[in-house]
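Hi there,

Here is the structure I promised to pass on to you. Have a look at it first, and then read on for what turned up in it.

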Amino acid sequence: MGETSAAVIAWLEHQEAWAPLLFIGIHLLRPFLFLPVMLVCITGGVLFGPIAGTAYSVIGTMLSSLLFYRTIRLVPSGLKRLRSLKEKWMKKNATLTVKQVAVLRLIPFIHFHLLSYCLIEISADFKDYTKSSLFANFPLAVIYTSLGQWITLLSIPLMVLFSSLLIALCFFIRKKYEVFLWRDFFQTSA
């Protein structure tokens, strides 16, 4: 994996004017290449610097999120799989807030498109989803692009501690109420 990443970085460095477009294209192909978002954002910081790398990563993650919104309904098995994965991970009727999704996107091992699915569930329409995605993708791009060198130098225990702190932060910014559906609360036996 390290050799492939080094080859991609070397190839992108020689593309000059096309490099930003190719980098954004890699963001779009990332799910098919099984590359973590974190790795692509860190690569953007190394190649383009923190400011341009953040801008290209925001554009790439936004396009990836918007493409996901448009295509997930065309693949019913994928939608069903994400729904069952969410139900395994969370309570049946629980929903995440946009702030929680933004924090969870910072945790490297949480599925990017599962969180996009959570945003779809809480969004009223495409415009609302776009705003929510921008808000949730921006911290991911800024932190992993700017602090890429720092994060790659962390040891496994420090990375686990960092992830635990992010999960705790997510717990503290959660909604403080829960909705019970009438039919779930008063189950009738027939």
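H3 and H7 run roughly antiparallel to each other. Please keep in mind that this is a predicted model. H3 covers residues 37-71 and H7 covers residues 126-146; their axes come within 8 Å and cross at roughly 160°. Angles over 145 degrees count as roughly antiparallel, so that is the label this pair receives. The crossing of H3 and H7 is right-handed. What kinds of residues make up the contact of H3 with H7? They divide into 18 nonpolar, 13 polar and 1 charged.

With 1.5 Å a residue, the 21 residues of H7 should span 30 Å, and the C-alpha atoms at its ends are 29 Å apart, which agrees. H7 also has a kink of about 25° at Asn-137, shortly before the proline Pro-139. Asn-137 is also among the buried residues of H7. Others in that group include Tyr-129, Ser-132, Ser-133, Ala-136, Leu-140 and Ala-141.

Helix H2, residues 19-33, packs against H3 at an angle of about 50°, with the two axes 8 Å apart. That angle makes H2 oblique to H3. The crossing of H2 and H3 is right-handed, and the residues of this contact divide into 14 nonpolar, 7 polar and 1 charged.

Helix H6, residues 112-122, is another one to find: its axis and that of H3 come within 10 Å and cross at roughly 50°. H3 and H6 are therefore oblique to each other, and their crossing is right-handed.

Is Ser-57 buried or exposed? Its relative accessibility is 0%, and buried means under 20%, so Ser-57 counts as buried.

Best wishes

Technical notes: Residues are numbered from 1 along each chain as its sequence is written. This is a predicted model: local features need pLDDT of at least 70, side-chain atom pairs count only at pLDDT 80 or more; totals for chains, interfaces and linings use all residues. Side-chain values use heavy atoms; hydrogens and water are left out. Axes are lines fitted to C-alpha atoms, for helices over the stretch in contact, and angles run from 0 to 180 degrees between N-to-C directions. Helices (H or I, at least four residues) and strands (E, at least two) are DSSP runs, numbered from the N terminus. Angles under 35 degrees count as roughly parallel, over 145 as roughly antiparallel, 65 to 115 as roughly perpendicular and the rest as oblique. A crossing is left-handed if the near helix is turned anticlockwise from the far one by less than a right angle, and right-handed if clockwise. Ala, Val, Leu, Ile, Met, Phe, Trp, Tyr, Cys and Pro count as nonpolar, Asp, Glu, Lys and Arg as charged, and the others, Gly among them, as polar. The expected span of a helix is 1.5 Å times one less than its number of residues. The bend at a residue is the angle between axes fitted to the seven residues ending there and the seven starting there. Buried means under 20% relative accessible area, exposed over 50%, partly exposed in between (1.4 Å probe, protein chains only).
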